[in-house]
Amino acid sequence: MQPEIAIIKSSDKPYSHDKKLGGLYLLERNINVLLKAGIPMIYLDLNEEEKAFYNNKISRHIRSAGRVAMLENTRLSTKKTVLIVPSNLFFQAHYLNTVETYFQQRKNQLTPLIKGDQFLIFNLNDIRNAEQLVSQFIISNTGGFIAQKIYKRISIPISLKVAGIRIHPGYFSVLNMFIGLMSSVFMMLAADRSSESSYRYFMMAMAGIFFQTSSVFDGVNDEVSKFTFNFSKTGDWIETIGNNLTLLFFLISSSYLNYSYLGGTVSLASIIVMFASLAVFLPFMVRYVRKYNETGFLTAFDKHFLQLLPDEDFLARFAKSMTSMIKKESFSLIFCLIAIAGMAEIIIPLASFVILISAMVSAILYWRYKDTVKG
C-alpha cells in the first residue's frame with residue numbers, strides 16, 4: 001500500500017547529522033527521497049538539535065517546501081497510511097515501488113525493515129556503503145555496455161565529489177559543451193595540410209580525446225542530478241542541445257578534414273549523403289521528443305517507437321540492435337580510437353554509411369507501422 005503521509009523522526013541513537021551522503025545531509029536526502037517517491041505530505045518529528053539544524057542548514061534547499069512541515073504534536077490523528085522513517089535511514093525512492101519488500105505494516109503505519117540494502121547510518125563506512133548502492137542503481141539503469149563498464153566507472157567518482165559543492169548540474173552541461181566544441185577546433189587545426197605531419201597528428205588525437213572526454217562528462221550532469229535530486233527540465237534541454245551541437249560541429253569539422261585530405265567526388269558525395277541522411281533521420285526523432293516532452297532524441301524515438309515494434313519483423317529487430325551502435329557512448333569511443341590512430345579522414349565515410357542505413361530503416365519502419373504504433 002502506497003503511503004499517503006510520511007513522518008521523519010529523529011533517530012533513537014545519536015549520529016552525526018551534519019555528514020553528507022551523495023552531497024546531501026542525511027535528513028535532507030531523506031526528505032528529497034520521499035518527495036521524489038511522490039509522497040504528498042512529509043512531517044518532521046525532530047529533536048531540538050536536529051530541528052535547529054534543519055532550519056539553519058537544510059530548509060532553504062528543499063525545493064517543494066510546501067509539502068514539508070514540522071509535526072508540532074506528538075501524534076498525528078489520521079486514518080491515512082503513514083510511513084515512519086528515522087532521519088538517518090538509508091533507503092531509495094524505488095524501494096517504495098515495492099513497499100511490502102522494504103517495509104512492514106501495522107494497522108495504518110509502515111515502518112522500515114532494517115536489512116540488506118536498507119539500513120541506519122551512523123558512521124562514514126555506512127555512508128560509503130550507501131553511496132555504493134546508489135551508484136550501482138545508477139549504473140544498472142544506464143543503457144549500453146560501454147557506458148556501464150567504462151564511462152560510469154570514471155564519471156561517478158567525479159560526480160560524488162562534485163555533488164557536495166552544490167553546483168547546479170546545468171553548469172556541467174555548459175562545461176561539457178565547451179569540451180565538445182574544443183574537439184571540433186582541434187579537428188579543424190588537424191585539417192591544415194600545410195602544417196607538419198606530427199602537428200596534424202597531435203591535433204587529430206586531441207580532437208578524438210576531447211570528443212571522448214565530452215562523452216564521459218556527459219554523465220556527470222545526470223549523476224549529480226540524481227545524487228542531489230536537483231532536476232531541471234531547462235537543464236535537461238541545455239544538455240540535449242549541447243550534445244547535439246557538439247556532434248554537429250564535430251561532423252562538420254570532420255567533413256572539412258575529410259575533404260582536405262581526400263578531396264574529389266567520392267569525399268564530397270559521402271559528406272552530402274551523411275547530412276542528407278541526417279535530414280531524413282532527425283525528423284523522426286524530433287517528432288517523439290516533442291510529443292512526449294522528453295530531451296533525449298534517440299531515447300525518445302527508441303522508447304516510444306522502436307521498442308513497440310514486433311520482434312517477428314526482421315527489420316524491426318535490426319533497428320533495435322542498431323540503436324546501441326549509434327548511441328553517443330559507442331560512436332564517441334570509435335571516433336576517438338580512429339583519431340588516435342591518425343585516420344580521422346575515415347570518420348565521415350563510416351558515419352555516412354551508418355546514418356544512411358539508419359535513415360532508410362527508420363523511414364521504412366515508420367511508414368510500415370505509423371498506423372499501428374501510436375507513437
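Select glutamate 223 and lysine 152 to begin: they form a salt bridge, with their closest N and O atoms 2.7 Å apart. Glutamate 223 belongs to helix H7 (residues 197-228) and lysine 152 to helix H5 (residues 145-163), so this pair ties together parts that are 71 residues apart in sequence. Salt bridge here means a side-chain nitrogen of Lys or Arg within 4 Å of a carboxyl oxygen of Asp or Glu. Helices are DSSP runs (H or I, at least four residues), numbered from the N terminus.

Before moving on, a word on the model. It is predicted, so local features need pLDDT of at least 70 and side-chain atom pairs count only at pLDDT 80 or more, while totals for chains, interfaces and linings use all residues. Residues are numbered from 1 along each chain as its sequence is written, and side-chain values use heavy atoms, with hydrogens and water left out.

Buried means under 20% relative accessible area, exposed over 50%, and partly exposed in between (1.4 Å probe, protein chains only).

**Stop 1: two further salt bridges**

How many salt bridges does a search of the whole structure find? The count is 7.

For another of them, select glutamate 48 and lysine 51, whose closest N and O atoms are 3.9 Å apart. Both sit in helix H2 (residues 48-58), 3 residues apart, which is about one turn of the helix. An α-helix has 3.6 residues a turn, so residues three or four places apart point the same way. Glutamate 48 is exposed, with a relative accessible area of 61%, whereas lysine 51 is partly exposed at 23%.

Then jump to lysine 320 and aspartate 311, a salt bridge with 2.7 Å between the closest N and O atoms. Here lysine 320 is buried at 17% relative accessible area, and aspartate 311 is partly exposed at 45%.

**Stop 2: where H4 meets H5**

Go back to H5 and show it together with helix H4 (residues 124-140). Their axes come within 11 Å and cross at roughly 140°; the axes are lines fitted to C-alpha atoms, for helices over the stretch in contact, and angles run from 0 to 180 degrees between N-to-C directions. H4 and H5 are therefore oblique to each other, as angles under 35 degrees count as roughly parallel, over 145 as roughly antiparallel, 65 to 115 as roughly perpendicular and the rest as oblique.

Which residues make the contact? From H4, select Glu131, Ser135, Ile138, Ile139 and Ser140; from H5, Gln148, Lys152, Arg153, Ile156 and Leu160. Contact means heavy atoms within 4.5 Å. Coloured by type, these residues divide into 4 nonpolar, 3 polar and 3 charged. Ala, Val, Leu, Ile, Met, Phe, Trp, Tyr, Cys and Pro count as nonpolar, Asp, Glu, Lys and Arg as charged, and the others, Gly among them, as polar.

**Stop 3: an enclosed helix and a tyrosine**

Next, select helix H1 (residues 26-36). Of its 11 residues, 10 are buried, so H1 is largely enclosed by the rest of the structure. Among the buried ones are Leu27, Glu28 and Ile31. Following H1 you come to glycine 38, which has a positive phi near 90°.

Now pick tyrosine 54, in helix H2. Tyrosine 54 is buried, at 8% relative accessibility. Leaving aside residues up to four places away in sequence, tyrosine 54 touches Leu27, Ile31, Leu44, Leu46, Ser59, Ile62, Val68 and Met70. Its C-alpha atom is 8.0 Å from that of glutamate 28, 26 residues apart along the chain.

**Stop 4: two loops with positive phi**

Most residues other than glycine have a negative phi. Select arginine 166, which is not a glycine but has a positive phi of about 60°. Arginine 166 lies in the loop between H5 and helix H6 (170-190) and is partly exposed, at 34% relative accessible area.

Phenylalanine 229 also has a positive phi, near 60°. Look for phenylalanine 229 in the loop between H7 and helix H8 (233-261), where it counts as buried at 14% relative accessibility.

**Last stop: serine 267**

Finish in helix H9 (residues 264-292) with serine 267. What does serine 267 touch, not counting residues up to four places away in sequence? Its contacts are Asn258, Tyr259 and Leu262, and serine 267 is buried, at 3% relative accessibility.
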